[in-house]
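User: Could you take a close look at one part of this model for me, starting from a single residue and working outwards? I would like to know what surrounds it and how that part is put together.

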Amino acid sequence: MRRWHGLDEVPSDWGRSVVTIGVFDGVHRGHQRIVRSAAEQARERGLRSVVITFDPHPDEVVRPGTHPPLLTSTRRRVELLESLGTDAVAVVPFTLELSRVPPDEFVRTVLVERLRAAHVIVGEDFRFGHKAKGDAALLTELGTKYDFTAEGVPLVANGDTISSTNIRARLDEGDVAAAARALGRPHRVEGVVVRGHQRGRLLGFPTANLETLPHTAIPADGVYAGRLVCDSDRYPGFSWPAAISIGTNPTFEGTAERTVEAYALDRDDLDLYGEHMGVDFTDRIRDTLKFASVDALVAEMHHDVAEARRLTGAAGPA
């Protein structure tokens, strides 16, 4: 498995390839179908498969401030793409200069000269080149000119049309279960654990307070069940059922700043400060509420933890 940052890292002796190209934010079930198809076709032809993705999101460069919330970090996106059987993933820095390259030049320099494409698979709504003038039909036409075949395929899985836009809408509604069905796995929010107000520890539920990555797609305010995950030297392969809270802590007259906090069920022995963690969302438990007293909040937190334990199938405390 090869991983390239930019096309300059592609070996000069790289043979002909089956290439798929796109942002692939979320690497949802529709994306997975395309990438697996490219890998399978490459094996059938005796070639290697390559996935091209971009960082940052093209909208962030072309129309700053209009890009959508991101379903996956670049690191997570690459890991997910690699898991689908491709031979190489190229993360191409998206720049203003690249956005101004005409479609024909983009195909010639990227797909032909660098990757020696024999076949190219894209989503049927894929656009490329200056002012997004290139589409799947033009890609097929240019393939005739440059000696490769191309196809634009719908982003569907089991008959369902899948889109990153729709997944973001489900997360905005707090419907993490629907988002998980479209993604083929729970939605993950990543970040570094930082010190918060430490109210959870004082109330008996020590939480990991995540400083989330910029532009992250965060579900609607509420309480959720899921898992807290990490793969660091201190906690290799760590995955633990969790109760997760998103919101502004209204009971304590919270500010407009939203927080993502996860309580690893029945664990008070974890030192997570400074760790890069992920929070996987599986089920929504309830809306965020303002309680009349701290005692009322604590009583509800006990109920939330019990429900999270039931939903995740976690065992009770030892």
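Analyst: Glu211 lies in strand S10 (helices, H or I with at least four residues, and strands, E with at least two, are DSSP runs numbered from the N terminus). Please keep in mind that this is a predicted model, in which local features need pLDDT of at least 70 and side-chain atom pairs count only at pLDDT 80 or more, while totals for chains, interfaces and linings use all residues. Residues are numbered from 1 along each chain as its sequence is written, and side-chain values use heavy atoms, without hydrogens or water.

With a relative accessibility of 53%, Glu211 counts as exposed (over 50%; buried is under 20% and partly exposed in between, with a 1.4 Å probe and protein chains only). Leaving out residues up to four places away in sequence, Glu211 touches Glu190, Gly191, Val192 and Val194 (contact means heavy atoms within 4.5 Å). Val122 is 89 residues from Glu211 in sequence and 34 Å from Glu211 in space, C-alpha to C-alpha.

Now follow the chain on from S10. Thr216 sits in the loop between S10 and strand S11 (222-230), and at 19% relative accessibility Thr216 counts as buried. A polar atom of the Thr216 side chain lies 2.6 Å from the backbone oxygen of Leu213. Beyond neighbours within four places in sequence, Thr216 is in contact with Pro69, Leu70 and Val189.

The model has 8 aromatic pairs (rings of Phe, Tyr and Trp, its six-membered ring, with centres within 6.5 Å; planes under 30 degrees apart are stacked, over 60 edge-to-face, the rest tilted). One of them joins Phe205 and Tyr263: the ring centres are 5.4 Å apart and the planes stand at 85°, so this pair is edge-to-face. Phe205 belongs to the loop between helix H9 (199-202) and strand S10 (208-212), and Tyr263 to strand S13 (residues 259-264), so the pair ties together parts 58 residues apart in sequence. Both partners are buried, Phe205 at 6% relative accessible area and Tyr263 at 8%.

Phe238 is buried at 11% relative accessibility, whereas Trp240 is partly exposed at 30%. Elsewhere, Phe106, Phe126 and Phe128 form one aromatic cluster.

Six strands form an open sheet with parallel pairing, in the order S1-S4-S3-S2-S5-S6 (strands pair if DSSP finds at least two bridges between them). Strands S1 (2-5) and S6 (149-153) stand at the edges with a single partner strand each, so one side of each has no neighbour in the sheet. Within the sheet, S2 (residues 17-21) and S5 (residues 117-123) pair in the parallel sense over 4 bridges, and Val18 stands opposite His119 in S5.

How values were computed
Polar contact = N/O pair within 3.5 Å; in protein donor to acceptor, adjacent residues only side chain to side chain.
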